[in-house]
Structures are given as structure tokens and as C-alpha cells.
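Please examine the sequence together with the three-dimensional structure shown below. The paragraphs after it are intended for a reader who meets this structure for the first time.

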Amino acid sequence: MNPVERPNRCAIVGEVAPEKKVDSAVKRACQAEKRRIYNKSRKSEVKTRMKKVLEALDALMTKPEPQPDEVLPIEKLIGEACSVIDKAVRVATLHRNTGARRKSQLARRKKAVEVRHGWYTPTPAATAS
């Protein structure tokens, strides 16, 4: 038999099962979409909490005669924001350095308000001898 000449073969095709197995790529796409929505809501919550803290600090910064005890509710907001950031880092929605940077940003802004109103005086840096 020549390699070019092949006999006609009649193949019988069986019925295909009504339900096909889920392709792994389809499954991974569904999982990725679920995770994307979950991460999006976590990131949104982090941004909202940070925005609330920063707005409260800006309001306190521009206030003419604020009292030192007005910082207490803002400290509570900062604690809640840090908790949300830590949870986002724990489930890998945010990178740990990003979480640390955001918490540091809140702390620095609070410290700036305290310094401006004289509630906190930074100690001068110790000179190396």
C-alpha cells in the first residue's frame, strides 16, 4: 500500500455524553472572577476607611481652637482602618509593604496634626558622639 493511497475507512462515532466535564481553564476563570470581586470589595473598604480618617484629620487641622480630646474619636477610626488593612494583608489582597505604608501614612498625618496644635513636641534627634 502506498503512503499516498489509503483505503476509505468508515468510523462510527458514538453519542457524546450530554454533560461535558468542566474544563480546568473555565474553572480557574470562575475562581479568578470570584477572587477579583472579593479583593475589589476589600480594597474599596480600605480606601473608604482611610478617606474617613484623612477627612477627619483635615477637619481637625483647619479647626481654629481644637481640644486635645478631639483626637480620641480619630484614634478609634485609625484603629479600625488599621484592622481592615491588616485583614487585607492577611488574605493577600494587599501586599504587606503596601499595608505598612498606608498605616504609616495615617500615623504620620495624625502626628502632624498633633505637632501643629502643640499637643506633641518631637524630641530632637540625638547626635552621634
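The structure is a predicted model. Its protein chain contains three helices and zero strands, and along the sequence these elements follow the pattern α-α-α. The chain has 129 residues, of which 21% count as buried. Its exposed surface comes to about 10,600 Å², and carbon and sulfur atoms supply 54% of that area. Contacts across the sequence can also be considered: among those between residues at least 6 apart, 71% join residues at least 24 apart.

Which residues of α1 are buried? They are N39, R42, V46, M50, V53, L54, L57, L60 and M61. These buried residues pack against two other helices, namely α2, which spans residues 71-90, and α3, which spans residues 96-116.

N39 lies in helix α1, and it counts as buried because its relative accessible area is 18%, where the limit for burial is under 20%. The side chain of N39 makes a polar contact with the side chain of T93, at 2.9 Å.

Why does G99 count as buried? The reason is its relative accessibility of 1%. Once residues up to four places away in sequence are left out, G99 touches I85 and V89. With K87, G99 has a separation of 12 residues in sequence, and the C-alpha atoms of the two are 9.5 Å apart in space.

The aromatic rings remain to be described. A pair of aromatic rings is described by the distance of the centres and the angle of the planes. In this model, a search of the whole structure finds zero aromatic pairs. A ring does take part in another kind of arrangement: K111 lies over the face of Y120, at 4.0 Å from the ring centre.

In review, the chain follows the pattern α-α-α, and the buried residues of α1 pack against α2 and α3.

Terms used
Residues are numbered from 1 along each chain as its sequence is written. This is a predicted model: local features need pLDDT of at least 70, side-chain atom pairs count only at pLDDT 80 or more; totals for chains, interfaces and linings use all residues. Side-chain values use heavy atoms; hydrogens and water are left out. Rings of Phe, Tyr and Trp (its six-membered ring) pair if their centres lie within 6.5 Å; planes under 30 degrees apart count as stacked, over 60 as edge-to-face and the rest as tilted. A charge sits over a ring if NZ of Lys or CZ of Arg is within 6 Å of the ring centre and within 35 degrees of the ring normal. Helices (H or I, at least four residues) and strands (E, at least two) are DSSP runs, numbered from the N terminus. Buried means under 20% relative accessible area, exposed over 50%, partly exposed in between (1.4 Å probe, protein chains only). Contact means heavy atoms within 4.5 Å. Accessible areas come from the Shrake-Rupley method with a 1.4 Å probe; for residues, only the protein chains shown count as cover. A polar contact is a pair of N or O atoms within 3.5 Å; within protein, one must be able to donate a hydrogen and the other to accept it, and residues adjacent in sequence count only if both atoms are side-chain atoms.
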